[in-house]
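Here is a briefing on one model.

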Amino acid sequence: MLDKITARFVKLTEIIAILLMVLLTLVVFAEVLSRYVFNYPISFSTELTQLFFPWMIFLGTVAVTKNEEHLKITVLQERFGRGVQLILQLFAKVVMLLFSIYMVYASYLLAQAVRLQPLPMLQISKSWLYVSVTVSFTIVALLLVLQIILLISRRKIWMEGGEIQ
């Protein structure tokens with residue numbers, strides 16, 4: 001049940017990231033067309049691009065974390081038995097979790113520091129640029145906690161190459 005809820009939530013973040021990528025592409029295309037064809041630049045396009053890009057990227061990290069698609073080197077891990085592989089994987093997840101918690105904290109502080117500074121053209125707070133990190137890494141941290149629980153309860157079994165089945 002929890003896996004289904006998690007999968008649907010991650011799917012929702014993927015859809016939002018895809019929509020942001022489409023919007024980002026349309027804004028950049030409109031800016032290029034407007035600037036070079038009509039010689040009339042769109043004044044707020046740069047700020048929209050700055051706003052959409054981090055949200056798209058950091059929401060994508062949620063799907064990467066859920067699907068175990070992040071970059072990892074498994075040369076040593078593959079040489080050990082399943083017990084050692086489990087310990088190494090738990091260690092890696094805990095390090096990732098600690099990093100995620102730090103990112104949530106640091107990005108929250110940064111968003112608070114710039115909350116009263118508006119973006120010049122859009123007139124919205126600059127904190128929206130940094131809240132994307134806070135939101136995404138909060139979700140990533142929750143996913144990592146779930147993955148650690150599943151690893152400890154041995155509901156996921158390690159296979160050759162360090163891949164989870």
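Leucine 90 is in contact (heavy atoms within 4.5 Å) with Ile148, Leu151 and Ile152, leaving aside neighbours within four places in sequence. This is a predicted model: local features need pLDDT of at least 70, side-chain atom pairs count only at pLDDT 80 or more, and totals for chains, interfaces and linings use all residues. Residues are numbered from 1 along each chain as its sequence is written, and side-chain values use heavy atoms, with hydrogens and water left out.

**Nonpolar cores**
- A nonpolar core is a set of buried Ala, Val, Leu, Ile, Met, Phe, Trp, Tyr and Cys residues joined through side-chain atoms within 4.5 Å.
- The largest one has 15 residues, and Val10, Val62, Leu90, Leu97, Val140 and Leu143 touch the most other members.
- Two or more residues each come from H2, helix H4 (82-113) and helix H5 (127-152).
- H5 gives the largest share, nine residues.
- A second, separate core holds twelve residues, including Ala17, Leu48, Leu51 and Leu119.
- Helices (H or I, at least four residues) and strands (E, at least two) are DSSP runs, numbered from the N terminus.

**Serine 127**
- Serine 127 is found in helix H5.
- Serine 127 counts as buried because its relative accessibility is 12%; buried means under 20% relative accessible area, exposed over 50%, partly exposed in between (1.4 Å probe, protein chains only).
- Its contacts, leaving aside neighbours within four places in sequence, are Ala111, Val114 and Arg115.
- Phenylalanine 91 is 36 residues away along the chain, and the two C-alpha atoms are separated by 33 Å.

**Serine 34 and tyrosine 40**
- Serine 34 lies in helix H1 and, at 10% relative accessibility, counts as buried.
- Not counting residues up to four places away in sequence, serine 34 touches Asn39, Tyr40, Pro41 and Ile42.
- Tyrosine 40 sits in the loop between helix H1 (2-36) and helix H2 (45-66).
- Tyrosine 40 has 60% relative accessibility, so it counts as exposed.

**Surface patch**
- Phe29, Leu33, Val37, Phe38 and Tyr40 make a nonpolar surface patch of about 590 Å².
- Accessible areas come from the Shrake-Rupley method with a 1.4 Å probe; for residues, only the protein chains shown count as cover.

**Confidence**
- The protein chain averages a pLDDT (the predictor's confidence in each residue, from 0 to 100) of 86, and 91% of the residues score at least 70.
- Over residues 157-162 the pLDDT is below 50, and this stretch has 21 contacts in the model beyond near neighbours in sequence.

Terms used:
Patches are made of residues with over 30% relative accessible area and no salt bridge: like charges are joined within 9 Å, nonpolar side chains (Val, Leu, Ile, Met, Phe, Trp, Tyr) within 5 Å. A salt bridge is a side-chain nitrogen of Lys or Arg within 4 Å of a carboxyl oxygen of Asp or Glu.
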